[in-house]
Amino acid sequence: MSMGAEHQITAGFMPLFDSAVLVAAGELGFAAREGIDLTLHRETSWANIRDRIAIGHFHLAHMLGPMPLACNLGLTPLASETIVPFSLGLGGNCVTISNAVWDGMAAHGAKPDLDPARAGAALGALIRERAAAGHDPLRFAVVHPHSGHNYELRYWLAACGIDPTREIEIVIVPPPFMADALATGRIDGYCVGEPWNSAAVAAGTGHIVTVKAQIWRNSPEKVIGVRKAWAEQSPEALAALLRALHHSARWCQDPANHGELAAMMAQPGFLGLPPAVLMPILTGHLKLGGGAELDIDDFFLPFDKAANFPWKSHALWFYTQMVRWGHVAHTPENLAIARDCYRPDLYRSALKPLGVALPGANSKVEGALRVATAVGATGAGLMLGPDGFFDGQIFDPDEIDGYIAAQKSARAQA
Amino acid sequence: MVRSSLAVLVIDENRIRASIIEAGLREAGHERVTVIHDVTGIARQIAEIEPDVIVIDLENPNRDMLENMFQLSRAVKRPIAMFVDRSDQASIEAAVDAGVSAYVVDGLRQERVKPILDMAVSRFNAFSRMARELEEARSELESRKVIDRAKGILMKSRGLSEEAAYTLLRKTAMNQNRKISDIAQSLVTAAGLLGPVEDE
């Protein structure tokens, strides 16, 4: 506790690896160097984080990317206006299934290569086989209805011809309980961040079948959600924090620091897990189950590829999926709320004094970059992408009506 | 005593705290109180109990799962929202501070639910106070034990009386600006490293 700090900031986080940039900002002095006394509180549910932001206990928090949208759209019991001036990284999730489901998928051509299309085709064949035999639908778990996990799982299944609302069941399970629920047969599969996928593989009770980084390459995951009223009252404190997070994210990305980062996150006050369990997310080298191992490009990026930039097109894609699965009605008012939630303007103005590379646009056409591409930006050397969806679809944030309509009609035909 | 036909479901992994709340609700005249410690199979139980009010501790990691279930229950016309009146900021803050949250079937009148929430908040606070006092008593006992052992080591190794041994510990603690129990613990640890202490 430094009494002389210019800004006092209180933040909440969930014990998940992708809180690392926020945790390191506090633990390693990046916040203190910006004149911030940063107090971190570990929470046990996303509902607690939302409640404590709403009543002002926290100024900001580690949040699921779609969560601030859900707050602002009035989808949650207690919520306050929340904005997103910073993203905590790209990727990091996997889809893990039970050994029994893997055996069934393998009989329909699945291979341990994480290819979403091949895995999805095999899963679809297994689901139809089970339905014909009169078995109960497979049950998958995600961490929260308004989460990247839920939306990418559903996107993957739907693109493979599986209706996630009718052909499987989706339930909510807290991340640390996923592997146990799989082992005891209460669920057949799940989509969650690391280390909870590798945990099931290590226990011999699950197989990783695909990863977020292959369903939608370099796609958004956790963000910093900020209580809007506080952001407006304390613009200097927020800007200072965004600079601290930027330096922290750069440190977290550097492979030279990965050992130290894993050791820090392993501590009882953060994740309370052995450091070795935390290395796969950093190296992108995953054990898939059954002895298979794979190196995954861009598995989790805390900094590179403009990972911290809060693209409005990311928020708008989440919005289209909320509409797609009936979480919210598509109206001009709701679209405007979704468009205003992520705030690249705040990110840009806070980081401008640092002279670092910044994207010039607030939105991009998602799925347009097939290879890593240098983009026109202030400063030098900003690489983006590739950002493709595995099914080759494109999301143009200027063509939202068309995107929503196309997904709706694809489902009607299924 | 107020007679109430409201069905109250208390979800709390802490059995002692749950029974304290249950007792409070029954004393206040609520007869339809159900307590659940383990959320496995809770969907079926909620369907059976049809609770009007659900009280849950904030430390419960299953809140997200439960909220999702409540949202889905809209399909069967049982919408449940947290608290009756979102504008009652003071009540909401008091509840979160106490570590409790509540979900109430939409449409219930504020005056019917408020006493239940107030009861839950005050019992949660009372439980925290009790737990804190218990913890303090336990650590007090632990300190006393370690100080006794440190005194014993000093009496034996330096031939001091019990009173002189205690005075030495206290002076050292004051000089180093540390607690006596910390000094005693260091001494016990050091003695353990330097050789087996007889008469353990």
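Two strands count as paired here if DSSP finds at least two bridges between them, and strands (E, at least two residues) and helices (H or I, at least four) are DSSP runs numbered from the N terminus. This is a predicted model, in which local features need pLDDT of at least 70 and side-chain atom pairs count only at pLDDT 80 or more, while totals for chains, interfaces and linings use all residues. Residues are numbered from 1 along each chain as its sequence is written, and chains are lettered from A and ligands numbered from 1 in the order in which they are written.

**View 1. The open sheet of chain A.** Five strands of chain A line up as E2-E1-E3-E11-E4, with mixed pairing. Strands E2 (36-42) and E4 (82-87) of chain A sit at the edges with a single partner strand each, so one side of each has no neighbour in the sheet. From one strand to the next, the twist averages 30° (axes are lines fitted to C-alpha atoms, for helices over the stretch in contact, and angles run from 0 to 180 degrees between N-to-C directions).

**View 2. Zooming in on E4 and E11 of chain A.** E4(A) and E11(A), residues 222-227, run antiparallel and share four bridges. Look for Phe86(A), which stands opposite Ile224(A) in E11(A).

**View 3. Where chain B meets chain A.** Here 16 residues of chain B are in contact with 17 residues of chain A (contact: C-beta atoms, placed from the backbone, within 7 Å). H3(B) gives the largest share, five residues. Sorted by class, that side of chain B has seven nonpolar, three polar and six charged residues (Ala, Val, Leu, Ile, Met, Phe, Trp, Tyr, Cys and Pro are nonpolar; Asp, Glu, Lys and Arg are charged; the others, Gly among them, are polar).

View 4. Asp57(B) belongs to strand E3 (residues 53-57) of chain B. Asp57(B) counts as buried because it has 22 C-beta neighbours inside 10 Å (buried: 20 or more other C-beta atoms within 10 Å; exposed: 12 or fewer; partly exposed: in between; C-beta atoms are placed from the backbone). Leaving out residues up to four places away in sequence, Asp57(B) touches Asp12(B), Asn14(B), Gly99(B) and Val100(B).

Definitions and conventions. Two residues are in contact if their C-beta atoms, placed from the backbone, lie within 7 Å.
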